[in-house]
Structures are given as C-alpha cells and as structure tokens.
Amino acid sequence: MKELVEGVLVNPKFPPEWPFSPADFERQDESNDAIFYDQPRLVFHIDDFAVDALTKYYAENMKDGDDVLDICSSWVSHYPKEWKGGNVVGLGMNDYELSENKQLSSYVVRDLNEEPKFPFEDESFDKVTCVVSVDYLNQPKEIFDEIARVLRPGGECIISMSNRCFPTKAFKIWLQTNDLEHIFIVGSFFHYSGKFEPATCEDVSPNPGRSDPLFIVKAAKKSE
C-alpha cells in the first residue's frame with residue numbers, strides 16, 4: 001500500500017485545466033459552519049498512533065525558529081513539544097479551542113468557507129500546516145492561492161490526511177473518492193495554483209491496517 005500511496009503524485013496526469021465544478025464542493029450540511037463548530041471539541045480527530053506519527057514527521061521537517069501558520073487549527077497542533085517555533089499562528093473556527101492551544105503565539109478566528117482570505121501579509125511564513133481538514137474547505141482554489149501568498153519562497157505547505165471526517169461537512173467529491181484519489185485531489189490543488197513545485201506524498205501510517213492511516217501531501221512554494 002505504501003508504494004501505491006507514494007506513487008500517486010509521481011508523474012500525475014492532471015487535466016490541462018481545473019477539472020472541478022462547484023457541485024463537487026457542495027456539502028450535505030450547507031448551514032453556517034459557525035453553528036457546527038460553536039461547541040468546543042477538545043478531542044483528537046485521529047487516533048493516538050497517527051498523532052504520534054504526525055508529531056514525529058513534524059520533528060523531522062520543521063526547524064527551530066520557523067514561522068508557521070496552522071490553518072483549520074484547534075486546541076492542539078501536534079507539533080513536537082521540544083520544537084521552538086518562531087511566530088506560530090492558528091487560524092480556526094472556535095475561539096475557546098484556539099485559546100487552549102499552548103503552541104500558538106497568537107490566533108485568529110475565521111470561517112474560511114465564508115471568507116477564504118488570510119489576514120496576514122505576503123511572505124509571512126516558512127510553513128503552513130493543515131491537519132485532517134482540507135476536505136472541509138469548499139473553496140480550495142482560493143485557499144491554496146492564499147497559502148502560496150503567505151509562504152516565503154521555498155516555504156512548504158504540509159497537508160496531513162487520514163480516512164476520518166465529519167461527513168456532513170466534507171465536500172461531495174471527497175466522500176465519493178478513496179484514499180488514493182484524495183491524494184490526487186490535494187496534489188491537484190497545489191498544481192492548479194501554479195505557484196508550487198510538484199507536490200509529493202509520504203505514507204507515514206504507523207500501523208497499516210491496525211490504526212488510522214496518515215498521509216502527508218506537501219509542496220514548496222516556487223522560488224522566483
């Protein structure tokens with residue numbers, strides 16, 4: 001499985017133009033997301049094994065002093081405890097959850113499905129992270145353009161994905177596709193932005209078949 005997962009974005013055959021329709025990003029529950037996320041959820045959304053694998057991955061791929069933006073952030077970002085970040089900012093939906101995240105320097109509450117613009121200056125961050133939440137962003141083209149805008153040249157966006165979700169809030173095409181297709185879809189978001197180097201995928205699933213899978217799709221902003 002690992003070979004299949006990591007091969008998805010090796011020479012992918014993306015269509016020449018953005019292939020998605022607005023219907024692909026419709027959701028079962030189109031009510032305001034602020035209602036759904038109003039109650040704090042101080043829980044992990046992947047199991048402990050996958051959390052540990054993600055934290056280990058961050059430890060190997062984030063440097064002390066990195067300025068990091070965590071989008072779709074909450075009460076925990078899963079960064080290593082020993083990591084000493086620079087300006088670490090959370091962008092999420094629930095004020096209380098974000099206030100409990102001790103790894104953040106600051107945070108902003110914003111519904112990116114209502115306002116897919118980041119309130120940060122150009123080239124402000126070395127890394128952008130998003131933990132098992134890309135499937136809730138119903139304007140991904142705009143979001144990935146914003147990710148590119150706030151990253152410094154050569155900076156990386158790290159998207160972690162598993163097979164769990166809130167199905168009523170995940171966009172339609174995500175629910176209609178499998179793990180390998182999810183990797184292709186997220187890789188295409190980077191591709192159609194035109195502002196990133198080719199995306200890659202790593203399968204860091206800790207116990208294949210016995211605990212939650214964990215896939216990392218990442219890409220670096222082009223250095224111009």
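Glu115 counts as partly exposed at 41% relative accessibility, where buried means under 20% relative accessible area, exposed over 50% and partly exposed in between (1.4 Å probe, protein chains only). The side chain of Glu115 meets that of Arg110 in a salt bridge, 3.6 Å from N to O; the term stands for a side-chain nitrogen of Lys or Arg within 4 Å of a carboxyl oxygen of Asp or Glu. Arg110, at 18% relative accessibility, counts as buried. The model is predicted, so local features need pLDDT of at least 70 and side-chain atom pairs count only at pLDDT 80 or more, whereas totals for chains, interfaces and linings use all residues. Residues are numbered from 1 along each chain as its sequence is written, and side-chain values use heavy atoms, with hydrogens and water left out.

Side chains of opposite charge can pair when their charged atoms come close. A search of the whole structure finds 11 salt bridges. One of them joins the side chains of Lys127 and Asp66, at 3.4 Å from N to O. Lys127 lies in strand β4 (residues 125-131) and Asp66 in the loop between α3 (48-61) and β1 (68-73), so this pair ties together parts that are 61 residues apart in sequence. Helices (H or I, at least four residues) and strands (E, at least two) are DSSP runs, numbered from the N terminus. Both Lys127 and Asp66 are buried. Lys63 joins these two residues in a network of salt bridges.

Another salt bridge brings together the side chains of Arg152 and Asp67, at 3.0 Å from N to O. Here, too, distant parts of the chain are linked: Arg152 is in strand β5 and Asp67 in the loop between α3 and β1, 85 residues apart. Arg152 is partly exposed, with a relative accessible area of 27%, while Asp67 counts as buried at 15% relative accessibility.

The 15 residues of α7 should span 21 Å at 1.5 Å a residue, and the end C-alpha atoms are 22 Å apart, which agrees; the expected span is 1.5 Å times one less than the number of residues in the helix. At the N-terminal end, Asn178 caps α7, with a side-chain oxygen 3.1 Å from the backbone nitrogen of Leu180. Just after α7, Gly194 takes a positive phi of about 75°.

The buried residues of α7 include His182, Ile185, Ser188 and Phe189. Elements packed against the buried residues of α7 include α1 (2-7), α5 (140-150) and β5 (151-161), judged by contact, meaning heavy atoms within 4.5 Å. Seen from α5, the buried residues, among them Ile143, Phe144 and Ile147, pack against β1, β4, β5 and α7.

Within α7 (residues 179-193) lies Ser188, which is buried with a relative accessible area of 1%. The side chain of Ser188 reaches the backbone oxygen of Ile185 at 2.6 Å. This falls under the heading of a polar contact, a pair of N or O atoms within 3.5 Å; within protein, one must be able to donate a hydrogen and the other to accept it, and residues adjacent in sequence count only if both atoms are side-chain atoms. Leaving aside neighbours within four places in sequence, Ser188 is in contact with Phe14 and Phe20.

Most residues other than glycine have a negative phi, and most peptide bonds are trans. Asn11, however, has a positive phi of about 55° although it is not a glycine. Asn11 lies in the loop between α1 and α2 (33-36) and counts as exposed at 59% relative accessibility. For His78, phi is near 70°, again a positive value in a residue other than glycine. His78 lies in the loop between β1 and β2 (88-92) and is buried, with a relative accessible area of 8%.

Finally, a search of the whole structure finds one cavity of 30 Å³ or more. On a 1 Å grid over the protein atoms alone, a cavity is a set of points where a 1.4 Å probe fits but cannot get out, and lining residues have an atom within 4 Å of a point. Grid points are joined across faces, edges and corners, and a volume is the space filled by probe spheres set on the points. The largest cavity holds about 30 Å³ of space, and the residues lining it include Val132, Asp135, Arg164 and Trp174.

Notes:
On a 1 Å grid over the protein atoms alone, a cavity is a set of points where a 1.4 Å probe fits but cannot get out, and a pocket is an open set with protein on both sides within 12 Å along at least five of seven lines; lining residues have an atom within 4 Å of a point.
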